Amino acid sequence: MYGEKGSIIMEGGKITSWNIKDEQAPKLNTESLGSGAADPTAIGHQNHKIVLQDMVDAIRENRKPMVSGAEARKSVALINAIYESSRNKKQVQL
């Protein structure tokens, strides 16, 4: 994935390169992550579980979660843009 602030490379379901200006790579659980390239059901749920548990903990502890709703919407927009680009065979700007 390439963008105006840098790039992220995934291979075999693992982030192998994180080069984003002014951003540190997140600490992700990379154990047993599958790649969804050929089989979307091969993608593990471990990282989603971590984020969801943090959201529950944030509510209980009256603090902000590690991923805000606004940040989560960015991922959904990106996924939708990938689908749109594939469907229309055109580049999609975000």
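This briefing walks through the fold, the surface and the salt bridges of the structure above.

The model is predicted, so to speak of local features a pLDDT of at least 70 is needed, side-chain atom pairs count only at pLDDT 80 or more, and totals for chains, interfaces and linings use all residues. Residues are numbered from 1 along each chain as its sequence is written, and side-chain values use heavy atoms, with hydrogens and water left out. The protein has two helices and three strands, which follow the pattern β-β-β-α-α along the sequence. Here helices (H or I, at least four residues) and strands (E, at least two) are DSSP runs, numbered from the N terminus.

**The sheet**

- The three strands make an open sheet in the order β1-β2-β3, with antiparallel pairing; two strands pair if DSSP finds at least two bridges between them.
- Its edge strands, each pairing on one side only, are β1 (2–3) and β3 (14–20).
- β1 and β2 form a hairpin with two residues between them, and two bridges join these antiparallel strands.
- In that pairing, G3 has G6 of β2 as its bridge partner.
- Strand β2 (residues 6–11) runs antiparallel to β3 and is joined to it by six bridges.
- G6 also has a bridge partner in β3, namely I20, while M10 stands opposite I15 of β3.

**The helices**

- Helix α1 covers residues 46–61 and includes L52; D54 lies in helix α1 as well.
- Helix α2 (residues 69–88) has 20 residues and reaches 28 Å from its first C-alpha to its last, close to the expected 28 Å. That expected span is 1.5 Å times one less than the number of residues.

**Burial, contacts and surface**

- Of the 94 residues, 10% count as buried, where buried means under 20% relative accessible area, exposed over 50%, and partly exposed in between (1.4 Å probe, protein chains only).
- Among contacts with a separation of 6 or more, 3% are between residues 24 or more positions apart; a contact means heavy atoms within 4.5 Å.
- The protein exposes about 8200 Å², of which carbon and sulfur atoms supply 54%. Accessible areas come from the Shrake-Rupley method with a 1.4 Å probe, and for residues only the protein chains shown count as cover.
- L52, M55 and I59 form a nonpolar surface patch with about 320 Å² of accessible area together. Patches are made of residues with over 30% relative accessible area and no salt bridge, with like charges joined within 9 Å and nonpolar side chains (Val, Leu, Ile, Met, Phe, Trp, Tyr) within 5 Å.

**Salt bridges**

- A search of the whole structure finds three salt bridges, each being a side-chain nitrogen of Lys or Arg within 4 Å of a carboxyl oxygen of Asp or Glu.
- K74 and E71 form one of them, with their closest N and O atoms 2.7 Å apart. Both residues lie in helix α2, three residues apart, about one turn of the helix.
- Salt bridges that share partners join D54, E61 and R63 into one network.
- D54 counts as buried because its relative accessible area is 11%, whereas R63 is partly exposed at 35% and E61 is partly exposed at 49%.
- Leaving aside neighbours within four places in sequence, D54 is in contact with R63, P65 and M66.
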